[in-house]
Amino acid sequence: QVQLAESGGGLVQEGGSLRLSCKVSGIMFSINTMGWYRQVSGQQRELVASITATGRTNYVDSVKGRFTVSRENAKNTMYLQMLSLKPEDTAVYYCTAQVTSLSGRRSDYWGQGTQVAVSS
């Protein structure tokens, strides 16, 4: 069974930084595109950043220039470096990964979420 585990959330002051990690474990053939979403209570989940297996990245406009997504394929781990944090970045952050199984089936998996809170 494939599992995703996030870490690195917490409470920071406005202008501070955090680094989130997402570790993928389990038996799989490959990890394809990975991404970070965030959700504020009562609102829809929003795609923050994504990264393909070859390192191509994409960001929502509100975080461009402040957040950087990266991955270490050898460690099955993705990161989100967040700088110049703003109160509006406060949310639960979820990582997701599209995984190809040994049989060739592609499935999407989600982590349990990690809370990021930015105080003004």
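Reply: What follows describes the ring pair and then the charges over rings. The model is predicted, so local features need pLDDT of at least 70 and side-chain atom pairs count only at pLDDT 80 or more, while totals for chains, interfaces and linings use all residues. Residues are numbered from 1 along each chain as its sequence is written, and side-chain values use heavy atoms, with hydrogens and water left out.

Rings of Phe, Tyr and Trp (its six-membered ring) pair if their centres lie within 6.5 Å, and planes under 30 degrees apart count as stacked, over 60 as edge-to-face and the rest as tilted; by this rule there is one aromatic pair. The ring centres of Tyr37 and Trp110 are 4.9 Å apart and their planes stand at 55°, so the pair is tilted. Tyr37 belongs to strand E4 (residues 30-39) and Trp110 to strand E10 (residues 106-110), 73 residues apart, so that the pair links distant parts of the chain, where strands are DSSP runs of E with at least two residues, numbered from the N terminus. Tyr37 is partly exposed, with a relative accessible area of 22%, and Trp110 is partly exposed with 38%, the term covering values between buried (under 20%) and exposed (over 50%), for a 1.4 Å probe and protein chains only.

A charge sits over a ring if NZ of Lys or CZ of Arg is within 6 Å of the ring centre and within 35 degrees of the ring normal. The charged end of Arg45 sits over the ring of Trp110, 4.8 Å from its centre, and Arg19 lies over the face of Tyr79, at 4.0 Å from the ring centre.

Key: Helix = DSSP H or I, 4+ residues; strand = E, 2+ residues; numbered from the N terminus.
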